[in-house]
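Trainee: Could you walk me through this one? I have not looked at it before.

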Amino acid sequence: MTTELYTTFKKTNSFKKTPIFADWNIKRDWNKAGSLTFSSYSDLEEGTHVKLVSSRHRTFAGQIVKKTSTKNDFYKYECLDYKRYLLREVSETFKKKTTHQIVKLLFKRYLGSSPLKLSLKKTKTVFSSLTFKDITILEVISQLISLEFQKGTLIYFNIDENANLIYKPYPEEMKGYSISSAISFVNNTDYSDIQTGYELYDENGKLIKNIVIKL
């Protein structure tokens, strides 16, 4: 089993390997920021960007939010992944907008100073009026994905290890099947109504595509 930690204070591609102890731990949650705890002799600043690459987990990427000194001359660190920037509550009304335009506006209004970068592809359906009140940006995006799903459009959404916020429609045809002509969709959500995936079936009940949204 291989585990490596890479760090950089400024958000660049010049990550360097940082030694850590084997007591690291990752926790993930659909509607909260994922967390990483680790210990190291290296003296790192809060705000440092980290990537933990392990054969046990998909790569964790985020920032140090808390640093604690110990009596044994090493440090304990707590980190949150980049999804934490989507947990800000907002209240917004959008008129005559597509969902990709809404995501772009949310990014411009609330996430422009974050380390996130936006990767968008256009969606087609224009919604006459959508109102969101006192919910997180993550919940807004989840509802947008659900609305597109009801219109027959599958959306890929993710925040990857390079802090790219990706929102784009899947191709209208997959493996020779037309999404618009599919007979059955299954909409998977978790207990907090955060979108977690889709299943697409043909007229014979055969599973065409199982799509898991990685948050």
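This is a predicted model: local features need pLDDT of at least 70, side-chain atom pairs count only at pLDDT 80 or more; totals for chains, interfaces and linings use all residues.

Trainee: Is Thr136 buried or exposed?

Mentor: Thr136 is buried, with a relative accessible area of 13%, where buried means under 20%, exposed means over 50% and partly exposed lies in between, using a 1.4 Å probe and protein chains only.

Trainee: And which residues does Thr136 touch?

Mentor: Leaving aside residues up to four places away in sequence, Thr136 touches Leu86, Leu87, Arg88 and Glu89, a contact being heavy atoms within 4.5 Å.

Trainee: Where is Ala163, and what is its phi?

Mentor: Ala163 sits in the loop between S11 and S12, and its phi is positive at about 65° although it is not a glycine. Ala163 counts as buried, at 0% relative accessibility.

Trainee: Let's zoom out. How many helices and strands are there?

Mentor: The protein has two helices and 17 strands. Of its 215 residues, 42% count as buried, and the protein exposes about 11,900 Å², of which carbon and sulfur atoms supply 47%; these areas come from the Shrake-Rupley method with a 1.4 Å probe, and for residues only the protein chains shown count as cover.

Trainee: You mentioned S11 and S12. What sheet are they in?

Mentor: They belong to an open sheet of three strands in the order S9-S12-S11, with mixed pairing, where two strands pair if DSSP finds at least two bridges between them. Strand S9 (117-120) and strand S11 (155-159) stand at the edges with a single partner strand each, so one side of each is left without a neighbour in the sheet. The twist averages 10° from one strand to the next, with axes taken as lines fitted to C-alpha atoms, for helices over the stretch in contact, and angles running from 0 to 180 degrees between N-to-C directions.

Trainee: How do S9 and S12 run?

Mentor: S9 and strand S12 (residues 164-169) run parallel and are joined by four bridges, and Ser119 has Ile166 in S12 as its bridge partner. Helix H1 (residues 99-111) packs on this sheet, touching S9 and S12, and its direction makes about 175° with that of S9. Helix H2 (residues 137-150) lies across S11 and S12 and runs at about 160° to S11.

Trainee: Which residues line the largest cavity?

Mentor: Its lining consists of Val103, Leu106, Phe107, Leu111, Ile137, Ile141 and Leu165, a cavity being a set of points on a 1 Å grid over the protein atoms alone where a 1.4 Å probe fits but cannot get out, with lining residues having an atom within 4 Å of a point. H1 gives the largest share of that lining, four residues. The volume is about 40 Å³, meaning the space filled by probe spheres set on the points, which are joined across faces, edges and corners.

Trainee: What about the seven strands that form a sheet, what order are they in?

Mentor: That open sheet has the order S2-S1-S5-S6-S7-S4-S3, and its pairing is antiparallel. Its edge strands are strand S2 (16-18) and strand S3 (25-27), each pairing on one side only.

Trainee: And how covered is S5?

Mentor: Strand S5 (residues 49-54) is mostly covered, with five of its six residues buried. S5 pairs with S1 over six antiparallel bridges, with Thr3 opposite Ser54, and S5 also forms a hairpin with S6 that has two residues between the strands.

Definitions and conventions: Residues are numbered from 1 along each chain as its sequence is written. Side-chain values use heavy atoms; hydrogens and water are left out. On a 1 Å grid over the protein atoms alone, a cavity is a set of points where a 1.4 Å probe fits but cannot get out, and a pocket is an open set with protein on both sides within 12 Å along at least five of seven lines; lining residues have an atom within 4 Å of a point.
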